[in-house]
Amino acid sequence: MIHFAISDASGKNVAVEYINGEMCVTQTKVMTNFYLTEGEKYGIGSKQSHTRYDILTSLLEEKENIGQNGMRDALSSVSKKNFGEFMSTEWSAVFDKTNLTVTYYHRENYEKGYRIEL
């Protein structure tokens, strides 16, 4: 599975996925580890990745502007360690579209973020 989350300052958020060598773009604010593109692979992924997606989507519907720390905490709350997974969440990213930065968190260490200026 190869997919990318892309977001811009206008508020547009998409998932870019490659299916059978074709690039597919789906509008979404949240992406976990399953396919979002409608069609033959839609939804393929683990059950907990769907649960994680649902939790984050609900959170953003309740409060769209949760801020950098709120998003970090939300990602921490749905990391694999909370689901009894034998593997950790490899990485998470929080985008600040106003200041054009992204904070990258590695292997569920949400105490230490790596800030990248875009």
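Modeller: Of the 118 residues in the protein chain, 34% are buried, where buried means under 20% relative accessible area, exposed over 50% and partly exposed in between, with a 1.4 Å probe and protein chains only. This is a predicted model: local features need pLDDT of at least 70, side-chain atom pairs count only at pLDDT 80 or more, and totals for chains, interfaces and linings use all residues. Residues are numbered from 1 along each chain as its sequence is written, and side-chain values use heavy atoms, with hydrogens and water left out.

The protein chain exposes about 7,700 Å², by the Shrake-Rupley method with a 1.4 Å probe. Carbon and sulfur atoms supply 50% of that area.

Now the fold. The protein chain has 2 helices and 6 strands. These are DSSP runs, numbered from the N terminus: H or I of at least four residues for helices, E of at least two for strands. From the N terminus on, the order is β-β-β-α-α-β-β-β. The C-alpha trace spans about 35 × 35 × 25 Å along its principal axes.

On to the rings. A pair of aromatic rings is described by the distance of the centres and the angle of the planes. Rings of Phe, Tyr and Trp (its six-membered ring) pair if their centres lie within 6.5 Å; planes under 30 degrees apart count as stacked, over 60 as edge-to-face and the rest as tilted. By this rule the protein chain has 4 aromatic pairs. Take Trp91 and Tyr104. Their ring centres are 6.5 Å apart and their planes at 25°, so this pair is stacked. Trp91 sits in strand S4 (residues 91-96) and Tyr104 in strand S5 (residues 101-106), so the pair ties together parts 13 residues apart in sequence. Trp91 is exposed, at 52% relative accessible area. Tyr104 is partly exposed, at 27%.

Tyr104 also pairs with Tyr114. That pair is tilted, with 6.3 Å centre to centre and 50° between the planes. Tyr114 belongs to strand S6 (residues 113-117), and the pair links distant parts of the chain, 10 residues apart. Tyr114 is partly exposed, with a relative accessible area of 42%.
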